[in-house]
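Please walk through this model with me, from its chains down to a single pair of residues.

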Amino acid sequence: MTVHAADAAPQDAASGTSKWSRAWQSHAPGYLFLLPWFIGFFGLTIGPIISSFYLSFTDFDLLTSPDWVGFANYERMFTNDRTFATSMRVTFTFVLFSVPLKLAFALAIAILLNRGMKGLPLYRAVFYLPSLLGASVAIAILWRQIFAGDGLVNQFLSIFGIVGPSWISNPNYSLWTLIVLSVWQFGSPMIIFLAGLRQIPQDMYEAASLDGASKWRQFWKITLPLLTPVVFFNAIIQTIEAFKSFTPAFIISNGTGSPINSTLFYTLYLYNEAFSYFRMGYASALAWFLLLLIACFTAFSFLTSKYWVHYDD
Amino acid sequence: MATSIQLRQIKKAYGDVQVIHGVDLTIDPGEFTVFVGPSGCGKSTLLRMIAGLEPITGGDLLIDGQRMNEVPAAKRGIAMVFQSYALYPHMSVYKNLAFGLETAKMPKAEIAQRVQKAAEILKIEPLLQRKPKQLSGGQRQRVAIGRAIVREPKIFLFDEPLSNLDAELRVAMRVEIAKLHNDLGNTMIYVTHDQVEAMTMADKIVVLRAGIIEQAGAPLDLYNDPRNLFVAGFIGSPKMNFLTTSVENNTLKTGTASVSLGRDVTGATTLGIRPEHITIADGSGVKFADVIVDLVENLGGQTVVYATTKDGQSLTIVLEGQRDVALGSTVEAYLDPAKAHIFNAEGVAISAPSR
């Protein structure tokens with residue numbers, strides 16, 4: 001061994017540079033293909049994130065250079081900003097209702113589709129469609145038309161002699177139209193649920209039915225526990241999405257969060273602070289608080305998951 | 001009192017494709033019946049129809065004389081052990097055993113008592129708080145059987161329960177299931193593709209092929225008097241040798257030799273001899289071929305010789321004890337006429353050999 005090592009040493013030194021250049025030659029195309037992503041990630045994502053962290057400690061109106069104000073922005077958020085509190089309440093209400101409802105609806109449809117019906121691929125695609133279109137401006141505009149005072153919903157209700165309110169301009173209902181819109185976009189969790197349901201071995205249900213378990217008991221005792229990893233994944237993803245939700249509220253309320261701030265999502269408030277009032281420092285602080293909120297929620301979910309998520313292995 | 005099962009012209013079709021073609025079978029109370037056959041013969045389908053997991057397309061299923069075709073699975077008084085075990089992965093062993101009883105809303109104390117009793121029988125008491133993923137294959141198998149026992153069913157069904165275990169464990173569990181049957185005395189139906197399992201465990205073997213029963217009977221009856229070529233080839237290991245033959249003056253012509261069995265052989269086209277019923281060179285019985293030795297396996301207790309006849313037909317010979325047989329040598333093969341089987345052109349046994 002020692003003899004070999006002594007022989008090899010000068011060779012290694014000689015081939016050192018050529019080894020690097022050879023490695024570069026063989027890997028260069030890969031890095032070149034990655035270059036646009038690197039530029040985007042560092043220039044458009046990491047860069048602004050870091051600078052927004054700095055800006056959150058400043059007073060900055062885009063025109064003059066930022067003034068360091070320490071924790072003043074954060075202080076204001078919790079002590080001297082009632083709109084912040086309102087937007088938090090609206091956002092939490094939205095998350096609390098839209099996520100469970102959407103997941104329940106997605107699971108229900110997935111179970112229906114999992115019964116092995118004819119034309120399953122077609123139904124799957126049709127049900128998925130709203131998820132593709134849902135976050136778009138066009139759908140939000142359509143939604144505004146449907147729930148307007150003279151919209152489709154009220155025209156339908158008038159058939160039965162019911163005079164409906166203007167759903168989107170009544171503060172009691174406006175947030176609910178957004179929750180319904182969100183639940184309607186159940187396609188992507190549904191697809192994931194469907195894949196999860198397919199993973200549950202059929203013979204577990206057969207064993208349970210031999211044991212006399214009704215479909216209802218089978219759902220609660222077998223399907224749901226075995227699906228918890230998928231429920232967990234969907235809940236995390238959908239909650240993060242819900243916290244970040246922006247477009248529908250922006251379009252339906254014309255960017256104001258009206259009526260009476262009833263649809264003032266946190267992101268909408270943040271947007272207005274930044275781009276209507278040019279309080280970039282404060283908006284940055286709001287953004288960082290949202291990030292922290294989502295991170296805490298996600299961490300908490302992972303901590304609790306060991307008590308209710310059943311992993312097979 | 002154990003339970004009887006009767007199948008009358010049981011049929012199963014998926015759309016236009018019929019897979020079970022009118023099966024008639026009676027299983028006596030307390031009998032251990034084994035369904036055996038190659039893949040796709042319909043043995044599992046038949047079992048699942050008895051269980052109530054597959055609808056019956058035609059015919060009658062009677063349990064203790066009562067028609068059960070439309071009775072739901074849970075109400076047939078049966079328990080089933082699945083090939084995959086089908087244990088609920090998120091429940092402890094105790095919960096797995098108790099699930100059926102909890103479903104039936106049995107009082108907790110009685111559930112605990114029954115689970116305890118089943119755990120004792122199967123020696124799984126130390127495992128009760130574990131999850132299935134913490135168990136070995138053999139332990140999972142015991143839990144699966146335990147889940148059947150706690151319900152105290154009238155009938156036990158087993159769907160290839162040992163096929164996921166390694167060879168050693170398979171033999172051990174085979175013995176345990178046979179013991180369990182002796183202790184409990186229930187009617188049991190057991191599905192396997194392994195004819196050794198069938199031979200060792202069964203009171204009655206049902207050989208199936210392509211959705212029909214080829215033969216049903218006691219293991220040794222099937223071994224001694226197979227009704228046709230299929231059963232003859234399926235039961236017994238190594239499998240029976242088949243030599244094409246013709247008949248002249250009530251004598252079989254197999255390639256180069258003439259064999260007289262001392263009985264009527266009219267119409268015979270195939271001569272069947274089990275490997276263990278062939279001897280070489282010692283002159284007992286009737287010589288039926290000169291064979292060239294291709295391969296010799298020394299198992300210690302037995303010597304297995306793979307050989308080829310002069311006209312190119314292969315032959316397996318099992319000799320008792322350790323024998324010195326040279327590769328490439330030519331040896332004389334003898335058979336005992338009483339243990340030779342003959343089959344006609346349709347593959348049906350012509351006459352049972354007398355013993």
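Predicted model: local features only at pLDDT ≥ 70, side-chain atom pairs only at ≥ 80, totals over all residues.

Residues are numbered from 1 along each chain as its sequence is written, while chains are lettered from A and ligands numbered from 1 in the order in which they are written.

Start with chain B. Its domain assignment gives domain 1 (5-233) and domain 2 (238-343); such bounds come from an automatic or database assignment. Taken over C-alpha atoms, the centres of domain 1 and domain 2 of chain B are 39 Å apart. Five residues of domain 1 of chain B are in contact with seven residues of domain 2 of chain B. Contact here means that the C-beta atoms of two residues, placed from the backbone, lie within 7 Å. On the domain 1 side, three of the touching residues are nonpolar, two are polar and none is charged. Nonpolar covers Ala, Val, Leu, Ile, Met, Phe, Trp, Tyr, Cys and Pro; charged covers Asp, Glu, Lys and Arg; the others, Gly among them, are polar.

Now turn to the other chain. In chain B, 17 residues are in contact with 17 residues of chain A. Two elements of chain B, β6 (78-81) and α2 (93-103), each give two or more residues to this side. Helices (H or I, at least four residues) and strands (E, at least two) are DSSP runs, numbered from the N terminus. The largest share, three residues, comes from α2(B). By class, the chain B side has twelve nonpolar residues, four polar and one charged.

Chain A carries record annotations. An unreviewed UniProt entry places "transmembrane region" at several spans of chain A, including 90-113 and 218-237. UniProt positions follow the numbering used here, feature names are shortened, and annotations may be inferred rather than shown by experiment. Residues 90-113 of chain A are 100% helix and 0% strand, with end C-alpha atoms 34 Å apart. Residues 218-237 of chain A are also 100% helix and 0% strand; there the end C-alpha atoms lie 27 Å apart.

Finish with a sheet in chain B. Three strands form an open antiparallel sheet in the order β12-β13-β14. Strands pair if DSSP finds at least two bridges between them. The edges are β12 (246-248) and β14 (257-259) of chain B, each pairing on one side only. β12(B) joins β13 (251-254) of chain B through three antiparallel bridges. Which residue is the bridge partner of B:Val247? The partner is B:Leu252, in β13(B).
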